[in-house]
Every structure is written in C-alpha cells, then in structure tokens.
Amino acid sequence: MGEIARLAGVSRSTVSYALSGKRPISERTRLRIQQVIDEHGFQPNASARALAHGRTRTLGVVFPPAGRRYTDMQLDFLNAVIDAAAAHDHDVLLSRSGEGTDEAFDRLVGQRRVDGAILMEIRVRDSRVDRLLGTGFPFVTMGRTADPDANSWVDMDWTELTARCVRHLAELGHRRLALVNRPRELFAVGYEAAHRAVEGFRATVAEQGLTGEIHHCGDDAASGEAVVREILAHDPLTTGLVVLNEAALVGVYRGLAQAGRTVPEDVSVTGIAGARWAETVTPMMTGADNPSDLMGRLAVELLLERLADSPARSRHHLLAPELTLRASTGRAPNRS
C-alpha cells in the first residue's frame with residue numbers, strides 16, 4: 001500500500017480506505033488509485049490479509065486415502081467440496097493425514113493454516129475428532145462417530161441403505177446373499193461406513209430369515225474379481241450381492257462373468273454407489289445413489305456456519321436416498 005500511495009500521490013491511509021471501503025473518498029482519488037493498481041499489476045497479499053483479519057479464506061480437507069492413491073469416487077467428493085467452497089469465495093487445502101497425532105495434522109490445526117476443516121474417512125472412534133473437540137478449532141465431519149451429538153456432520157445412513165438393499169433382494173426371492181464391504185484394513189480400524197453397513201446387513205438378513213455372508217474387498221477392480229471368487233467358493237448358491245465398494249464394482253461384474261454367472265439372471269447385484277459409477281457397468285446397477293455433490297455442499301455450508309457462529313449448536317444431515325431401480329436385479333433363479 002505504501003508503494004501505491006507514493007505512485008498515486010496520496011497517503012497510505014487513503015489507499016487503505018479506497019481498498020476497504022471503510023471511509024468515503026472522492027471518486028477522482030479512487031480512480032487514480034485503481035489506475036496505479038491496474039498499471040503495476042498489484043495484487044492483494046493473502047498472507048497479509050489473513051494476519052490483518054484473522055481469516056485465511058481457506059478450508060482444510062483432511063482426507064487420508066485407504067491406499068496409495070485416491071479412487072475416482074473419492075476424487076468426486078473432493079471435487080464437490082472444492083466447487084462448494086469456491087462458490088463461497090474460499091480455497092481448499094488438502095491434507096492426507098490420518099491420525100490426530102501426525103505432524104501434517106498438527107501443522108494444519110496448530111498453525112491455523114486454514115480457518116476450519118472437513119474431516120473425511122471417519123472412524124467410529126476417531127482420534128482426530130477427539131483432538132479437535134479439545135481445541136475449539138472449527139470443523140465438521142463427513143461421517144459420524146460413536147458420539148454423533150459431539151460435532152456437526154454430514155453422513156449417509158449406511159445402516160438403513162444396506163437394509164433396503166437386502167429387503168429388495170428378499171422381495172425378489174433371493175435367500176443367499178453376500179455383502180461386499182470396504183477393505184478389511186479399514187474395517188479393522190473402525191471405519192464408520194463399513195461398520196454401520198455390517199449392522200444393517202446382519203440385522204436385515206436375520207429379520208428376513210436369509211443366509212448372508214460378509215466379505216471385505218480392496219478398492220480396485222482386481223480385488224472385485226477376487227472377492228467374487230471368494231464368495232462363490234464359500235457358497236456357490238449365492239444369488240444376491242450387496243456392494244458397498246464402488247471402486248471394485250467393475251471387477252465384481254468381471255468376476256461374475258468369469259465364473260459363468262449372468263447379471264441378473266444368475267446373480268442380482270445392488271448396493272450403494274455414485275450414479276455415474278452405477279451406470280458405468282452393464283447392466284446398470286440398482287442401488288442407492290451416493291450424492292457426493294450434495295454432501296460436499298452441505299459439509300462446506302455447515303463449516304461456514306461454524307466459522308460465522310462458533311458457539312452454535314451442532315447440526316447434522318443424515319441422507320438416505322431411495323433405491324434407484326435399474327437392470328442389475330431380478331427374480332431369484334429357480335434352483336429346483
């Protein structure tokens with residue numbers, strides 16, 4: 001601002017008023033200052049603004065990938081958050097940190113590099129959530145812990161959606177089902193969606209008097225092929241699959257074809273996936289469409305609410321989209 005003031009022949013305070021609008025100045029002076037800014041390509045310094053106003057206008061996304069890279073579906077969520085933040089004139093800083101004790105997480109929170117954070121890949125008992133609850137740092141979670149009232153969150157109702165998939169297959173006469181869950185490593189550390197889905201699957205299989213087995217699957221097509229071999233080796237009479245791992249969906253279809261099973265004549269497939277992924281396979285998968293755009297927007301809006309009014313009570317969005325009927329489910333084959 002000092003350089004602009006010198007070039008425009010005005011005081012530094014006049015430049016400050018022209019940029020902030022806090023006090024009126026003459027239109028002639030404002031235009032002269034703007035001309036200097038335009039001619040010399042001056043830009044606001046984000047770091048200086050953050051120091052002056054206590055805000056970076058940057059939101060953090062703490063999103064540890066399950067493997068070495070993000071899946072296409074995980075990138076859909078990131079894209080949704082970035083788009084929603086941009087609509088509110090905020091940038092996004094991505095952190096791959098996992099546990100609340102790692103250095104990347106400490107830098108993000110302790111050094112206030114962002115105004116607030118969205119935590120992804122939530123665990124039933126999550127050390128990151130516990131850490132942030134103790135600091136007063138603004139955050140929301142994409143998923144919920146064992147104490148859902150502790151903080152604001154957006155989540156899918158994995159228990160109910162999995163139950164709907166099981167009921168749909170039961171109505172079609174399927175008696176022997178398998179759940180294709182997320183990787184065993186995620187389940188072992190308490191990944192929330194995987195655990196709630198198992199609850200819904202087990203309860204509804206018992207309620208309907210069915211046989212149901214749970215199988216874990218890696219986030220890739222090759223793992224999808226492998227889990228089909230595992231399922232059919234364990235129970236060759238399985239006729240219904242509930243797939244929660246959309247990254248493996250193409251591989252699941254490929255594995256069924258390799259085993260000589262046709263969808264849906266021999267095996268019906270349903271599950272939870274983003275619509276564009278459910279419609280990528282042939283036949284297109286019946287299931288609950290994962291609304292990543294909506295979830296990203298709601299998470300950003302909740303976080304901005306926390307930033308505007310940090311003492312506000314926690315708010316929650318639990319989403320349970322209806323099953324979209326496509327072509328991958330049909331009557332159970334007559335084994336008699």
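**Exercise 1. In which order do the six strands of the open sheet lie?**

Before the solution, two notes on reading the model. Residues are numbered from 1 along each chain as its sequence is written. The model is predicted, so local features need pLDDT of at least 70, side-chain atom pairs count only at pLDDT 80 or more, and totals for chains, interfaces and linings use all residues, while side-chain values use heavy atoms, with hydrogens and water left out.

*Solution.* 
- Step 1: the terms. Helices (H or I, at least four residues) and strands (E, at least two) are DSSP runs numbered from the N terminus. Two strands pair if DSSP finds at least two bridges between them.
- Step 2: the order. The strands lie as β7-β6-β8-β9-β10-β12, and their pairing is mixed.
- Step 3: the edges. β7 (211-216) and β12 (323-324) each pair on one side only, as edge strands.
- Step 4: one pair. Strand β6 (residues 176-181) runs parallel to strand β8 (residues 240-243), with four bridges between them. Take Ala 178: its bridge partner in β8 is Leu 241.
- Step 5: a helix on the sheet. Helix α12 (residues 249-258) packs there and touches β8 and β9 (268-273); contact means heavy atoms within 4.5 Å. The directions of α12 and β8 make about 165 degrees. For such angles, axes are lines fitted to C-alpha atoms, for helices over the stretch in contact, and the angle between N-to-C directions runs from 0 to 180 degrees.

**Exercise 2. Work out which strands pair with β3, and where its residues point.**

*Solution.* 
- Step 1: start with β1. Strand β1 (residues 58-62) pairs with β3 in the parallel sense, over four bridges. Leu 59 is opposite Gly 116 of β3.
- Step 2: turn to β4. Strand β4 (residues 139-142) is also parallel to β3, joined by three bridges. Here Leu 119 faces Thr 141.
- Step 3: follow the chain. From β3 it passes through helix α7 (residues 127-133) to β4 in a right-handed β-α-β crossover. Right-handed means that, with the strands pointing away from the viewer, the path from the first strand over the helix to the second runs clockwise.
- Step 4: look at the side chains. In a regular strand they alternate between the two faces of the sheet. In β3 (residues 116-119), Gly 116 and Ile 118 point one way, Ala 117 and Leu 119 the other, and all are buried. Buried means under 20% relative accessible area, exposed over 50%, and partly exposed in between (1.4 Å probe, protein chains only).

**Exercise 3. Check the length of helix α11 and find what its buried residues pack against.**

*Solution.* 
- Step 1: the expected span is 1.5 Å times one less than the number of residues. Helix α11 (residues 221-234) has 14 residues and should therefore span 20 Å.
- Step 2: its end C-alpha atoms are 20 Å apart, which agrees.
- Step 3: its buried residues include Val 227, Val 228, Ile 231 and Leu 232.
- Step 4: the buried residues of α11 pack against β6, β7, β8 and α12.
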